[in-house]
Amino acid sequence: MNGDRMTEAKNNTLSVIALLAGIILLMICVPVLFFEIYTAFWASSEILPVIGNYSLGIIILAPSPVILFRVEGIFALLYYLFILFSVTASFILLMYGSGKIFVKKFCEDDAQYNEGGEKIVSRNDPSLKIAAAVKEMPLYTIVTIFAATVSFNVILNAFIVSSGGEPYVPPPSDPAWIDQYLLINASVWEEILSRVLVIGAPMAALGLMLREKGSIERLFGGFGMSREALVFILISAVWFSYAHLSGWDMFKMIPTFVTGLALGYLFVKYGLYASIMLHFIVNYLSSLGWVMGSVGTLMSSLFLLAVTAIGVVFIVRYAKYGLLYVKKIISEGQHPL
């Protein structure tokens with residue numbers, strides 16, 4: 001009995017620590033996310049006047065990136081506007097959905113009652129209600145997963161370097177707007193290729209075969225976890241990882257596989273907008289440096305340092321609960337997220 005109480009107390013302490021760490025992450029990540037969205041529009045002032053003069057390759061993964069066809073002129077311009085719109089719409093959906101869930105969870109009475117209708121547990125304490133509401137927000141999940149993946153990547157790179165390895169980093173493009181375009185394009189197009197086509201499409205096809213309602217909507221995610229979804233998440237993460245081998249090197253495969261798992265999880269739990277947002281946050285980490293020069297680069301480094309330190313908490317937390325969750329899915333077949 002004492003052992004059970006000690007375990008429960010320990011778990012409660014860890015939950016409080018994780019919650020506080022998550023709230024700190026929200027405080028430092030949300031302003032950066034807003035700035036990244038601002039940067040996307042700031043970059044568009046450089047991209048829009050010139051992108052029609054370039055031939056843009058539209059790639060597929062087969063399994064390495066292969067150019068399917070090219071667009072130029074007005075079609076290149078329209079394609080870029082589609083990418084910019086997709087990121088903006090995903091950001092609006094994230095903020096609106098998170099705010100809506102927070103208000104709903106904060107306002108509802110989630111007290112517990114016994115069989116006689118007597119209230120036995122009251123959770124109307126504002127601090128408890130705020131904590132419960134924050135944890136239900138998609139934004140909370142995204143920033144904590146973001147911190148875990150960034151921390152994991154930094155720790156892994158430090159280990160590789162200390163072991164004598166040297167991960168390859170592609171040099172910056174010239175002119176600079178090309179990198180700004182490529183990174184925002186990857187945030188959307190890679191999610192369509194790796195999540196919609198590899199997870200959403202087969203899950204929709206399975207639903208249609210079984211004549212289940214809402215099968216077509218599965219194409220864009222948010223349908224909940226199952227054994228089948230878990231398999232497609234793993235396939236998507238492997239494919240996503242392998243696709244980065246040609247542009248980077250073998251050292252990139254492990255962190256992109258882990259990131260692919262995170263993106264697949266968000267796609268299944270919330271939908272395409274959530275995986276686009278995580279991908280965009282990661283890709284546009286250089287935005288402070290683009291706009292503010294050396295000062296912005298320093299601020300970006302300090303931000304990454306803070307996120308890396310806090311992210312260690314969520315590496316442990318997501319690894320622990322991820323393993324338990326997978327076991328539950330395998331044993332029960334399906335478990336809603």
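Residues are numbered from 1 along each chain as its sequence is written, and side-chain values use heavy atoms, with hydrogens and water left out. Because the model is predicted, local features need pLDDT of at least 70 and side-chain atom pairs count only at pLDDT 80 or more, while totals for chains, interfaces and linings use all residues.

Of the 337 residues in the chain, 40% are buried. Here buried means under 20% relative accessible area, exposed means over 50%, and partly exposed lies in between (1.4 Å probe, protein chains only). Among contacts in the chain with a separation of 6 or more, 74% join residues 24 or more positions apart, where contact means heavy atoms within 4.5 Å.

Helix packing comes next. Two packed helices are described by the angle between their axes and the distance between the axes. Axes are lines fitted to C-alpha atoms, for helices over the stretch in contact, and angles run from 0 to 180 degrees between N-to-C directions. Angles under 35 degrees count as roughly parallel, over 145 as roughly antiparallel, 65 to 115 as roughly perpendicular and the rest as oblique.

Helix 4 (residues 138-162) packs with helix 9 at an angle of about 100°, and their axes are 6 Å apart. Helix 4 is therefore roughly perpendicular to helix 9. On the helix 4 side the contact includes Phe 146, Val 150 and Phe 152, and on the helix 9 side it includes Phe 303, Val 307 and Tyr 318. By class, the residues of this contact divide into 16 nonpolar, five polar and no charged; Ala, Val, Leu, Ile, Met, Phe, Trp, Tyr, Cys and Pro count as nonpolar, Asp, Glu, Lys and Arg as charged, and the others, Gly among them, as polar.

For helix 2 (residues 74-107) and helix 5 (residues 177-209), the packing angle is about 75° and the axes are 9 Å apart. These two helices are therefore also roughly perpendicular to each other. Residues of helix 2 including Tyr 79, Phe 82 and Val 87 meet residues of helix 5 including Tyr 181, Ile 184 and Trp 189. The contact of helix 2 with helix 5 has 11 nonpolar, two polar and no charged residues.

The axes of helix 6 (residues 227-243) and helix 7 (residues 253-269) come within 8 Å and cross at roughly 140°, which means that helix 6 is oblique to helix 7. Sorted by class, the contact of helix 6 with helix 7 has 14 nonpolar, four polar and no charged residues.

The nonpolar core can now be considered. A nonpolar core is a set of buried Ala, Val, Leu, Ile, Met, Phe, Trp, Tyr and Cys residues joined through side-chain atoms within 4.5 Å. The largest one has 76 residues, of which Phe 146, Ile 184, Met 277 and Phe 280 touch the most other members. Helix 1 (residues 2-51) gives the most to this core, with 14 residues. Not counting residues up to four places away in sequence, Phe 280 touches Leu 33, Glu 36, Ile 37, Ala 40, Val 87, Ile 184 and Ser 187.

Several single residues complete the picture. Ser 90, found in helix 2, is buried, with a relative accessible area of 4%. Beyond its neighbours within four places in sequence, Ser 90 is in contact with Tyr 273, Ile 276 and Met 277. Trp 239 is placed in helix 6 and counts as partly exposed, at 27% relative accessibility. Leaving aside neighbours within four places in sequence, Trp 239 is in contact with Leu 61, Ala 62, Pro 63 and Val 198.

Lys 328 lies in helix 9 (residues 287-332) and, at 36% relative accessibility, is partly exposed. Lys 328 and Arg 227 are 101 residues apart in sequence, yet 9.8 Å apart in space, C-alpha to C-alpha. Arg 211 sits in the loop between helix 5 and strand 5 (225-226) and is exposed, with a relative accessible area of 79%. Most residues other than glycine have a negative phi, whereas phi of Arg 211 is positive, near 55°.

Note on methods:
Helices (H or I, at least four residues) and strands (E, at least two) are DSSP runs, numbered from the N terminus.
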